[in-house]
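Let's take a look at how charged side chains pair up in a protein chain. Have a look at the picture first, then we'll go through the pairs together.

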Amino acid sequence: MGGSTLSNSPLTNGIVAARLPQSAYQSNFADHEPALDRHEARVAADRCYFCHDAPCMTACPTTIDIPLFIRQIATGTPEAAAKTIFDQNILGGMCARVCPTEQLCEEACVREAAEGKPVEIGRLQRFATDTVMSKGVHPFKRAKATGKSVAVVGAGPAGLACAHRLAMKGHDVVVYDARPKAGGLNEYGIASYKSTNDFAAREVEWLLKIGGIRIETGKALGRNLALADVQKAHDAVFLGMGLGGVNALRAPGEDMKNVRNAVDFIAELRQTGDKSALPIGRDVVVIGGGMTAVDAAVQSKLLGAENVTIVYRRGQDKMSASGYEQDHAASAGVRIVTHAAPVAVHDGAVEFAYTEEGPKGLTVTAQTFRLKADQVFKAIGQTLAGAPEGLALEGGKIAVDAMGRTSVKGIWAGGDCAAGGDDLTVTAVKEGRDAAEDIHASLMA
């Protein structure tokens with residue numbers, strides 16, 4: 001299947017592998033935003049006005065000093081720029097690749113307002129962080145050991161950011177994660193072309209150079225890890241296990257074998273060494289309107305599906321995927337259909353009803369249509385699966401205050417499993433980092 005002979009094509013019916021020549025998989029899943037070289041970075045940095053009131057900095061959830069790090073690149077010191085970034089966001093390398101910068105720092109850029117072309121903050125951040133990480137240098141040292149031990153449940157962005165900050169302060173940290181590899185969404189949940197060459201795993205390895213952090217994989221709360229035992233063994237606990245459950249379509253036929261959760265599909269894609277071995281449908285329908293829907297749809301196209309359609313129940317302006325991501329999907333050949341909700345999955349098709357938005361919210365009309373589909377991906381949001389007993393919940397997630405404290409003394413939470421965030425890697429990093437500062441303050445009080 002890995003050879004140059006094509007056993008199938010985009011026109012082959014059903015769900016099959018090897019729709020494209022091997023070379024196509026390599027180019028389709030290559031880095032979709034190549035790194036800047038030193039000269040390009042200097043040129044890009046020179047466009048920055050270094051605003052004193054820096055609206056880009058205010059727009060960054062981790063409040064990285066953006067004008068400072070860009071000035072450091074402009075003066076030929078990318079290592080110093082990386083330190084400026086990592087001071088606030090230890091996962092600055094991944095955030096440079098996956099952050100919706102077009103909705104955050106770059107949208108706030110003065111150049112964007114004046115010329116419609118912002119300073120390329122995301123790519124400059126990647127240039128600086130990659131420069132340091134490629135040298136295997138870790139810019140932080142551990143403080144003197146405090147003798148305190150903290151458990152972090154979940155090795156995703158929130159958990160890793162929390163663990164690193166705690167280790168830096170001199171605490172011993174044990175990170176428990178349900179999966180075989182650390183990284184959480186960075187490892188399992190991001191489109192393969194956004195994070196190539198095992199970057200997520202390399203970033204975890206680099207982060208662990210701080211020392212004082214032990215990762216135990218294959219440990220899941222409620223399965224082979226009890227919160228009460230974790231509390232007994234450690235001085236504090238941070239919960240950052242993300243969301244394990246997937247919302248149901250609540251439509252007849254959703255249990256058919258050609259219907260999959262988009263998150264599982266993306267995870268499988270991320271972990272496979274040979275993309276040509278992955279089966280994909282000829283006609284693929286993705287239901288949802290967020291980043292997961294776009295990632296699943298674009299990658300279905302890159303695997304050789306002939307027709308890929310995203311269907312969302314509200315208008316395009318209500319989609320949580322950014323305009324940039326929607327445009328990216330369209331340029332990859334994905335069709336976006338809005339104001340339609342699934343009513344039934346049939347053999348070879350999905351039936352949708354048109355929806356209308358009015359003063360009473362969203363209503364489903366009697367008018368229906370069908371889309372041909374030999375494969376269907378559900379991307380309609382995730383839920384917190386198996387929330388530990390005794391913790392107050394809010395909107396189905398763990399209730400926390402501004403510092404990440406839960407209703408139980410000695411337990412903090414952050415990232416997607418905690419209420420109030422906006423499901424972004426960069427927000428998870430901020431919540432993990434800030435909780436670590438509060439945990440440190442309470443342990444040392």
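Which residue forms a salt bridge with arginine 370? That's glutamate 351, with the closest N and O atoms 3.8 Å apart. A salt bridge here is a side-chain nitrogen of Lys or Arg within 4 Å of a carboxyl oxygen of Asp or Glu, and by this rule the count comes to 28.

A quick word on the ground rules: this is a predicted model, where local features need pLDDT of at least 70, side-chain atom pairs count only at pLDDT 80 or more, and totals for chains, interfaces and linings use all residues. Residues are numbered from 1 along each chain as its sequence is written, and side-chain values use heavy atoms, leaving out hydrogens and water.

**Arginine 370 and glutamate 351**
- Arginine 370 sits in strand S14 and glutamate 351 in strand S13, so the pair ties together parts 19 residues apart in sequence. (Strands are DSSP runs of E, at least two residues; helices are runs of H or I, at least four; both are numbered from the N terminus.)
- Arginine 370 is exposed at 53% relative accessibility, while glutamate 351 is buried at 18%. (Buried means under 20% relative accessible area, exposed over 50%, partly exposed in between, with a 1.4 Å probe and protein chains only.)

**Glutamate 325 and lysine 194**
- These two side chains meet in a salt bridge at 3.3 Å, N to O.
- Glutamate 325 is buried at 7%, and lysine 194 is buried at 7% too.

**A network**
- Asp31, Arg97, Arg126 and Asp130 are linked in a network of salt bridges.
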